[in-house]
Amino acid sequence: MSRLLYRWGRWSATRPWIAIGAWVLLSVLVVTASAGFGKQLDDSMAAPGTDSQAAADLLASADSGAGGLTAYVVATPGPGAVAFVDSRQAEAGLDRLESAVGELPKVLGTTREVSPDGRVALLRVQYPEIEELAASDLTALKDVLAEARTSSSLRLEAGGDLYFSFEQPPANVGEAIGLVVAAVILVAAFGSLLAAGLPLTVALFGLLVGASLIPLLGLLIDVPVWAPVMAAMVGLGVGIDYALFLLSRHREHLAAGVPVAEAVGRSLATAGQAVVFAGTTVVVAILGLGFAGLPFVTAGGAGVAAVVLVMVLAAITLLPALLGLAGERLQARGLLARRGERRGQGERTDAAALRWSRWGAHVTRHAAAYAVAGATLLLALAAPVLALRLGLPDQGTYPEARTERRAYDLVADGFGPGATGPMVVAVDVSRDRSVVDPLAAALAADPGIASAVVAPVEATSDVAVIIAQPTTTPQDTETVRTLDRMRTEVLPSALVGSPATAHVGGYTATMSDLGQRVEQRLPIILVAVVAMSFLLLMVLFRSVVVPLKAAVLNLLSVAASYGVLVMVFQWGWAASLIGLESTVPIISFIPLFMFAILFGLSMDYEVFLLSRVREEYLRTGDNGYAVVRGIGVTARTISCGAAIMVSVFVGFGFGDDPVLKMLGLGLATAVFLDATLVRLVLVPATMKLLGDANWWLPAWLDRLLPHLDLDDSLPARGEGEASVAARLSPLSRAHETGALHDADIG
């Protein structure tokens with residue numbers, strides 16, 4: 001692969017406009033196809049094989065349309081009226097509102113309920129399945145509410161499934177700030193606007209193509225609506241990282257006096273190969289979500305993986321052309337790019353790399369102490385994961401500025417805490433219609449149920465619907481116990497001797513089932529992802545110990561990020577800093593995505609660092625020097641890349657959506673820990689302690705595995721291999737010239 005990448009790098013650097021033109025053409029074709037043929041994304045959270053999914057399927061078959069989306073409008077009387085019965089004007093306004101909503105094109109029907117104290121009226125609006133709806137239906141409902149607000153004194157708020165599916169959250173300035181911070185970091189790192197702009201250009205170009213592919217992917221699988229935002233978050237991070245890694249190696253070659261085309265070719269042959277394997281590891285880890293048993297999770301992972309794959313392709317095809325076009329202008333200049341003093345045979349050592357090498361030498365001299373301290377800190381951060389509680393925040397976790405939150409609070413105040421998450425019991429009465437009333441009575445008698453009402457359906461329907469309102473909120477653990485009791489005791493007892501069947505669905509039941517499915521499948525995904533990543537790293541580094549150590553350290557950093565989520569979202573520590581107004585459970589599928597994404601991203605840095613360590617180990621046979629040298633030449637790039645990723649992820653974490661908050665904070669925490677504590681402390685410490693055992697591989701296994709060439713031994717055109725090697729990598733021979741003394745590397 002390295003020779004193929006080398007040839008491609010030289011070719012694209014000498015013919016940059018062909019590669020750039022191809023990418024422009026590809027972008028136009030993909031964006032046009034996506035706009036013309038892409039499928040509307042799905043909001044389904046189907047979990048095949050669960051009781052809630054059986055209820056949803058039964059409801060979808062009902063003639064009443066009970067399986068479709070719902071919205072609810074909450075009204076309170078205007079100033080001076082305590083209850084609706086005290087104001088004829090308020091009653092008349094409510095009547096007009098219900099009539100106007102019922103006349104909307106897609107509305108199947110409405111039901112109205114007034115709270116016991118008469119202060120709150122709840123208007124439930126039934127819509128068909130999401131495939132028959134569009135954002136315009138939400139706009140139509142909003143227009144009716146706006147008209148009602150001006151023509152009456154009612155206070156109106158709204159929420160429900162329709163809002164969840166089609167409401168666009170307010171623009172998140174944090175995302176833009178994250179990109180600005182990333183740009184500032186790049187400028188500071190490279191001391192050049194041109195050099196800083198290349199990684200951003202490649203990442204944004206790749207994101208345009210990758211994000212446009214997702215609706216086309218929807219033609220094959222049902223991609224969830226949140227997949228593009230999640231893909232953008234991950235894609236921007238890895239896209240900038242991959243381009244940054246290649247650009248850093250390219251500038252290193254330029255600093256050694258290598259011609260531009262040759263520098264591009266050699267950078268792609270070595271760093272480019274590392275990017276390919278790093279990206280492959282991320283894609284494989286994310287595709288491991290296929291073991292989740294949750295189609296929407298698998299499809300969402302496929303969307304994210306597609307964007308990551310495009311970022312890899314952009315880094316190894318578009319960036320080389322841009323590097324060739326930039327030419328010698330990417331040479332390091334000025335104070336920020338100052339080289340160190342001349343040493344030995346006229347070589348010059350990069351001052352920052354030397355400082356990082358000294359740090360690596362310091363860690364390896366005290367390897368045992370740093371290994372114990374680092375592992376202890378990670379374990380301490382991971383400890384709260386034992387209190388992890390899975391669920392899904394509802395619209396009550398939104399900021400109070402949003403109408404969904406205000407509607408949620410009004411419903412809870414007027415009808416009780418369980419009214420915001422009722423259980424929907426779907427009963428197949430095709431063979432016994434007499435069980436409905438006894439079943440509703442049995443549900444109402446349960447201590448965890450405040451009320452159980454038979455919903456109106458068509459007389460000819462074979463499905464009856466009972467709305468059971470819990471006495472506790474959807475997020476309360478007591479609600480889960482009530483749900484379990486309904487399924488295992490109440491319903492079976494009430495249906496004894498009857499051929500009728502009943503299933504419990506609705507938001508609360510669905511979220512509970514998703515949480516249980518995640519708990520069942522997470523160990524399977526963990527084993528699958530770790531095993532696949534282990535095999536990839538074993539092939540890449542010709543070692544059993546290196547991938548095993550990487551897996552253990554990555555698992556520790558992921559567990560630490562889980563612990564931080566528990567501290568912030570469940571315990572409320574520093575929650576106000578990210579705009580979180582109340583504590584919430586960890587969203588059920590977040591641990592799945594976080595594990596897959598973080599394990600892949602952690603392997604990115606492992607590949608970037610250890611590919612250089614292995615180069616030096618193969619060249620010198622000195623494990624201690626190879627570790628110090630690897631830290632020296634990659635630490636700045638890894639730190640810069642991590643800082644960019646953290647800024648991007650934190651930016652997404654400031655949005656209103658709890659899903660993005662959790663993902664943003666979790667990913668930012670894990671990347672920060674991985675690039676600092678793991679890569680700069682634990683990896684050099686453990687590799688020093690393990691010594692040459694790091695590179696142990698049984699001979700029989702070595703014969704079975706395919707061989708890859710990661711070293712810098714490709715011959716240059718027009719000059720001997722030895723003369724080129726002498727000029728490559730200004731620090732590559734620091735060991736021999738005395739720049740790093742034996743005392744420094746322990």
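Biologist: How many aromatic pairs does the structure hold, and how should I read one?

Modeller: A pair of aromatic rings is described by two things, the distance of the centres and the angle of the planes. This is a predicted model, and it holds 14 aromatic pairs. Take Trp23 and Phe205: their ring centres sit 6.2 Å apart, with 90 degrees between the planes, which makes the pair edge-to-face.

Biologist: Are Trp23 and Phe205 buried or partly exposed?

Modeller: One of each. Trp23 counts as buried because its relative accessibility is 7%, and the cut-off for buried is under 20%. Phe205 has a relative accessible area of 24%, so it is partly exposed.

Biologist: What kind of aromatic pair do Phe595 and Phe599 form?

Modeller: That one is tilted, at 5.5 Å centre to centre and 40 degrees between the planes. Here both partners lie in helix H19 (residues 590-620), four residues apart, or about one turn of the helix. Phe595 and Phe599 are both buried.

Biologist: Which residues do ring pairs link into a cluster?

Modeller: Look for Trp226, Phe296, Phe589 and Phe593; ring pairs join them into a cluster.

Biologist: Back to helix H8 for a moment. Where is Ala211, and how far is it from Ala306?

Modeller: Ala211 is in helix H8. Its relative accessibility is 31%, so it counts as partly exposed. From C-alpha to C-alpha, Ala211 and Ala306 are 8.6 Å apart in space, while in sequence they are 95 residues apart.

Biologist: Now a loop residue. Where does Thr50 sit, and what does it touch?

Modeller: You'll find Thr50 in the loop between H2 and helix H3 (51-60). With 11% relative accessibility, Thr50 counts as buried. Its side chain reaches the backbone oxygen of Ala47 at 2.7 Å. Leaving out residues up to four places away in sequence, Thr50 touches Asp513 and Arg517.

Biologist: Let's turn to charges. How many salt bridges does the structure hold?

Modeller: The general idea is that side chains of opposite charge can pair when their charged atoms come close. The structure holds 27 salt bridges. In one of them, Arg487 pairs with Asp51, and the closest N and O atoms are 2.9 Å apart. This pair also links distant parts of the chain: Arg487 is in helix H16 (residues 477-494) and Asp51 in helix H3, 436 residues apart. Asp51 counts as partly exposed, at 22% relative accessibility.

Biologist: Which residue does Arg155 meet in a salt bridge?

Modeller: Its partner is Glu157, at 3.5 Å from N to O. Arg155 is partly exposed, with a relative accessible area of 38%, whereas Glu157 counts as buried at 6% relative accessibility.

Biologist: And what about Arg266 and Glu262: where are they, and are they buried or exposed?

Modeller: Their side chains meet in a salt bridge at 2.6 Å, N to O. Both belong to helix H10 (residues 260-287), and because they are four residues apart there, about one helical turn separates them. Arg266 is buried, with a relative accessibility of 1%, and Glu262 is buried too, at 3%.

Biologist: Which residues do salt bridges join into one network?

Modeller: Salt bridges that share partners bring together Glu91, Asp95, Glu98 and Arg112 in one network.

Definitions and conventions
Residues numbered from 1 in each chain as written. Predicted model: local features only at pLDDT ≥ 70, side-chain atom pairs only at ≥ 80, totals over all residues. Heavy atoms only, no water. Phe/Tyr/Trp six-rings, centres within 6.5 Å; stacked < 30°, edge-to-face > 60°. Buried < 20%, exposed > 50% of the residue type's maximum accessible area, 1.4 Å probe, protein only. Helix = DSSP H or I, 4+ residues; strand = E, 2+ residues; numbered from the N terminus. Polar contact = N/O pair within 3.5 Å; in protein donor to acceptor, adjacent residues only side chain to side chain. Contact = heavy atoms within 4.5 Å. Salt bridge = Lys/Arg side-chain N within 4 Å of Asp/Glu carboxyl O.
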